[in-house]
Amino acid sequence: LSPLKLLQKLKNIESTVGRVKTFRNGPRVVDLDIIFYNDEIFDSRAQGVMEEEGHLIVPHVRMHEREFVLRPCADIIPHYIHPLLGYSIADLLGQVANPQVPIRKILPLPPLSVGTERCWILSKKTYIMATLNVTPDSFSDGGQHSSIEDAVTYVHNSVAQGADIIDIGGYSTRPGAAFVSPEEELRRVVPVIQRLREQGLTVPISVDTFRASVADAALAAGADIINDVRALDEDPAMRAVAGKRGVPVILMHSRPGDAGKNKGYGDLGGVITGVKRELGEKVSKARRTPGIRRWNVVVDPGIGFNKSVEDNLTLLRHHATLTDSGLVTATPQKSLRAVWEDQQRLETERPMEGMPTLIGASRKSFLGRVIGDPDRDPSLRAWATAAAVTVAVQQKTDIVRVHDIKEMKDVLAIADAVWRAD
């Protein structure tokens, strides 16, 4: 489409979704603008064309003054050089960004009813994910919450203690865990979610499963997020379910088979590069699925899954590098197409760049080995978990998956005050 035909298409969309005229400069129900059009400099006044709300000028005449425009553009085309101003988008953002009033990324959550909105503001705090295993054989709390009543009581207690999200799983992923049929997993998980929503629980719920049928039924019952230890790669139908539902997905690094085996990363240059490559490939595959949006993906390096003790410590120490920016200095006079090609290349090399992260180290066996007491009851590893959680916050993680909610809330209060002081 030509710029003017594109503008007309946007105006039609605005009308269709319900924009009504309010005032020219200010909040609107929906506002669609053309920011750039390839590298063209376009002014409809030169053609004697005037729109109802004014003429069309491309590049957008005030965009360089508006952080709320530059911020998302910097996520998409940070290298692109403004054809009139001669600065990259990243440079323009740096000139107007106000550290006193930061614009933050959000993780949008499905509405519980028509007209409601829920989201998490990322980087502002570390969110607490409470671990609810409705299983008889999970490594730490197996059998404690197998009944619906016990599970619901645990959830309400966790929320009262400060949990921001409840992660419900019906299939233990500990090494050597028994096989569970899809029917049994459904029987364990779905009634708990239904009961919680019937009781009016509004806290987000994630379903910890790698099976499409379980995920779909759990989402239909009121769950909000898919938490898949196989990163949507075990069940061929899982990506389609995630795309159809359009919900956030947590993609964890693991390898096929027993979580306690297949631990070598030497041929990949170490555990950091190994996780970056293997999980990155699954993230890229997931994002090629219609409906799975970049801003809905959370990545989890899989602490305790197919890693040695030293691998787990290395990931705790350096997991921020998995999602670090790969931006390079912009080259002047680069066309939008050339910049887009650069971005596609960078995305191939760094598919997890800028994504929020989750760390689940709570009570895991490697902590017992580090403190010299591997046979200690996992429920007695709260102090060790607290240290791991503190490191996770220093590494800018967004969500920590834990068992001891009350204790870890205190840990996070201090860690956030130190590491998220902005």
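I began with Arg-420, which is buried (under 20% relative accessible area, with over 50% counting as exposed and anything in between as partly exposed, for a 1.4 Å probe and protein chains only), its own relative accessible area being 12%. The model is a predicted one, in which local features need pLDDT of at least 70 and side-chain atom pairs count only at pLDDT 80 or more, while totals for chains, interfaces and linings use all residues. Residues are numbered from 1 along each chain as its sequence is written, and side-chain values use heavy atoms, with hydrogens and water left out.

I placed Arg-420 in the segment after helix H13 (405–419), where helices are DSSP runs of H or I of at least four residues and strands are E runs of at least two, numbered from the N terminus. I then looked up its contacts (heavy atoms within 4.5 Å), and, not counting residues up to four places away in sequence, Arg-420 touches residues including Lys-124, Lys-396, Asp-398 and Ala-415. The side chain of Arg-420 also reaches the backbone oxygen of Thr-397 at 2.2 Å.

I turned next to helix H4, residues 148–161, whose 14 residues reach 20 Å from first C-alpha to last, close to the 20 Å expected at 1.5 Å a residue, the expected span being 1.5 Å times one less than the number of residues. In H4 I found Ala-151, Val-152, Tyr-154, Val-155 and Ser-158 buried. Seen down the axis of H4, these fall within an arc of 160° (taken from the directions from the helix axis to the C-beta atoms), so they line one face of the helix. I noted that their cover includes strand S5 (127–133), strand S6 (165–169), helix H5 (182–198) and H13. After H4 comes Gly-162, with a positive phi near 120°.

Conventions: A polar contact is a pair of N or O atoms within 3.5 Å; within protein, one must be able to donate a hydrogen and the other to accept it, and residues adjacent in sequence count only if both atoms are side-chain atoms.
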